[in-house]
Amino acid sequence: MKKQTMLLAAALCALALSGCGGTSTGNKKIDNAVYTNDYVSLAPYTGLSAEKKKYEVTDEAVKEKINDDLSDYAEYESVDRPSQDGDTVCADYSVYDNGSLLEESIDENYSFVIGQEDFGSEFDGKLTGVSKGDHLEFTISYDEDFMYSDWAGKTLNFTVDVKDVQIEILPECTDEFVQKNLGYDSYDAYADAARESLAEQYEQESSDELKENLLQQVIDSSSVLSYTDEAYKEAQAIVENDYMAYADMFGQTLDELYDTLEITEDDLEEEIRAQLYRTLVVDAILENENISLTDAEYEEGVALYTEMYEYDSTDDFLADYSKEDITERLLEDKVLNLLVENADITETPAVYEDGE
């Protein structure tokens with residue numbers, strides 16, 4: 001999904017806004033505007049103040065990353081005890097709705113990792129404390145927002161036959177193992193690389209958060225005066241395409257996803273206008289600064305995005321995105337960098353949390 005959505009939120013930054021007119025928002029020009037066109041009365045965007053989080057790379061985080069890497073080489077061993085958190089429970093299962101078997105919900109020798117909550121936390125609870133040979137029958141009532149739309153809001157009956165309980169055994173991360181499997185000369189070199197990788201990840205996320213903070217300050221202080229129908233439709237497409245990627249992931253239609261997430265028409269309208277205003281403000285800064293993109297900058301950007309979003313080649317990346325979309329993303333990056341370069345930034349220590 002990363003490859004399909006990485007440009008959606010930022011794409012179409014320079015909308016086709018040629019010509020006069022459009023839909024008026026009823027907003028007025030601001031007194032301290034640094035630039036005004038038909039669509040935006042642009043607030044000052046230099047000299048802004050913001051905090052930038054400085055995340056510490058802890059030894060625990062490095063250990064977790066190493067264990068994640070080692071899990072690709074893990075072996076599994078059966079245990080003669082009841083299952084507990086972190087164990088893998090191999091089982092046959094089937095699901096019934098009002099006595100009717102759900103044909104698509106039958107699986108043999110499925111591996112449940114207790115704690116991952118594949119079928120929800122209550123299901124994991126039912127599989128905790130079981131042993132090989134156990135036969136389980138139980139009922140679970142799922143909330144309306146459960147990730148599987150076919151199960152959401154329903155009370156389902158499960159039958160589970162436990163075939164095995166296993167533990168994951170990670171390989172010993174010796175110098176020899178690292179040299180053979182991970183491409184480093186020693187464990188210490190590998191651990192240093194893991195720490196550096198986390199530091200780069202943290203720095204990227206902190207930097208992205210800072211840029212969004214600064215841009216939102218400009219959006220909030222500016223005044224959007226009007227917009228074209230085309231600009232609105234482009235913003236609507238960006239929002240809908242973003243949700244569509246999630247809908248495809250969960251095998252839902254767009255309307256089903258909206259129902260699952262309880263997204264109303266008002267919620268969608270708010271998101272569309274936020275995207276629209278963002279694009280109009282970015283476009284106004286581009287115009288005021290007379291920012292353009294050279295051929296060399298475009299080529300460098302394509303190479304950067306190809307690596308950043310883990311494409312095998314630039315050809316594969318270019319097959320997914322048009323030159324127009326890539327150019328617009330690169331121009332927005334220039335605007336965001338401009339905001340950072342001209343801002344008063346204070347670094348503050350912070351504890352990194354996944355999903356932050």
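**Notebook: salt bridges, cores and helix packing**

I began with Asp59, which counts as exposed at 59% relative accessibility. The model is predicted, and I read it with that in mind.

**Entry 1: Asp59 and its partner**

Which side chain meets Asp59 in a salt bridge? I found Arg195, with N to O at 2.7 Å. I then placed both residues. Arg195 sits in helix α5 (residues 187-221) and Asp59 in helix α2 (residues 59-70), so this pair ties together parts 136 residues apart in sequence.

**Entry 2: Asp97 with Lys154**

Next I took the salt bridge between the side chains of Asp97 and Lys154, at 3.5 Å from N to O. Asp97 belongs to strand β6 (residues 88-97), while Lys154 is in the loop between β8 (135-141) and β9 (155-169), so the bridge ties parts that are 57 residues apart in sequence. Is Asp97 buried or exposed? I noted 18% relative accessibility; the cut-off for buried is under 20%, so Asp97 counts as buried. Lys154, at 31%, counts as partly exposed.

I stayed in this region for one more residue. Asn98 is in the loop between β6 and β7 (100-113). At 74% relative accessibility, Asn98 counts as exposed. I checked the distance from Asn98 to Asn157: they are 59 residues apart in sequence, and their C-alpha atoms are 7.9 Å apart.

I moved to Glu332, which forms a salt bridge with Arg278; their closest N and O atoms are 3.0 Å apart. Helix α11 (residues 323-341) holds Glu332 and helix α8 (residues 265-289) holds Arg278, so the pair ties together parts 54 residues apart in sequence. How accessible is each partner? Glu332 has a relative accessible area of 5% and is buried. Arg278, at 13%, also counts as buried. Which residues are linked with this pair in a network of salt bridges? I found that Glu212, Arg278 and Glu332 are linked in one.

I then wrote down the total: eleven salt bridges.

**Entry 3: the cores**

I turned to nonpolar residues. The largest nonpolar core has 38 residues, of which Leu42, Val218, Tyr243, Val281 and Ile285 touch the most other members. I listed the elements that give two or more residues to this core: β3 (40-42), α5, α6, α7, α8 and α11. Which element gives the most? I noted α8, with nine residues.

I followed Val218 in detail. Leaving aside residues up to four places away in sequence, Val218 touches Leu42, Ala43, Pro44, Tyr45, Leu48, Val281, Ile285 and Leu339. Another core lies apart from the largest one. I noted 24 residues in this other core, among them Val95, Leu102, Phe112 and Phe146. In soluble globular proteins, nonpolar side chains tend to be buried together.

**Entry 4: α6 against α7**

I looked up how α6 (residues 229-249) meets α7 (residues 254-261). Their axes come within 9 Å and cross at roughly 85°. The two helices are therefore roughly perpendicular to each other. From α6 I listed Glu240, Tyr243, Met244, Tyr246 and Ala247; in α7 they meet Leu254, Leu257, Tyr258 and Leu261. How does this contact divide by class? I noted eight nonpolar residues, no polar ones and one charged.

The loop between α6 and α7 holds Gln252. I noted that Gln252 is buried, with a relative accessible area of 6%. What does Gln252 touch, residues up to four places away in sequence not counted? I found Met147, Ser149, Met244, Ala247, Leu257 and Thr260.

**Entry 5: α9 against α11**

Last, I took α9 (residues 295-308), which packs with α11 at an angle of about 95°, their axes 10 Å apart. That makes α9 roughly perpendicular to α11. Glu297, Tyr298, Gly301, Val302 and Tyr305 are the α9 residues here. They meet Lys323, Ile326, Thr327, Arg329, Leu330, Asp333 and Lys334 of α11. By class I noted five nonpolar, two polar and five charged residues in this contact. I set this beside the α6 contact with α7, which has one charged residue.

Notes:
Residues numbered from 1 in each chain as written. Predicted model: local features only at pLDDT ≥ 70, side-chain atom pairs only at ≥ 80, totals over all residues. Heavy atoms only, no water. Axes fitted to C-alpha atoms, helices over the stretch in contact; angles between N-to-C directions. Helix = DSSP H or I, 4+ residues; strand = E, 2+ residues; numbered from the N terminus. Parallel < 35°, antiparallel > 145°, perpendicular 65-115°, else oblique. Contact = heavy atoms within 4.5 Å. Nonpolar A, V, L, I, M, F, W, Y, C, P; charged D, E, K, R; others polar. Salt bridge = Lys/Arg side-chain N within 4 Å of Asp/Glu carboxyl O. Buried < 20%, exposed > 50% of the residue type's maximum accessible area, 1.4 Å probe, protein only. Core = buried A, V, L, I, M, F, W, Y, C linked by side-chain atoms within 4.5 Å.
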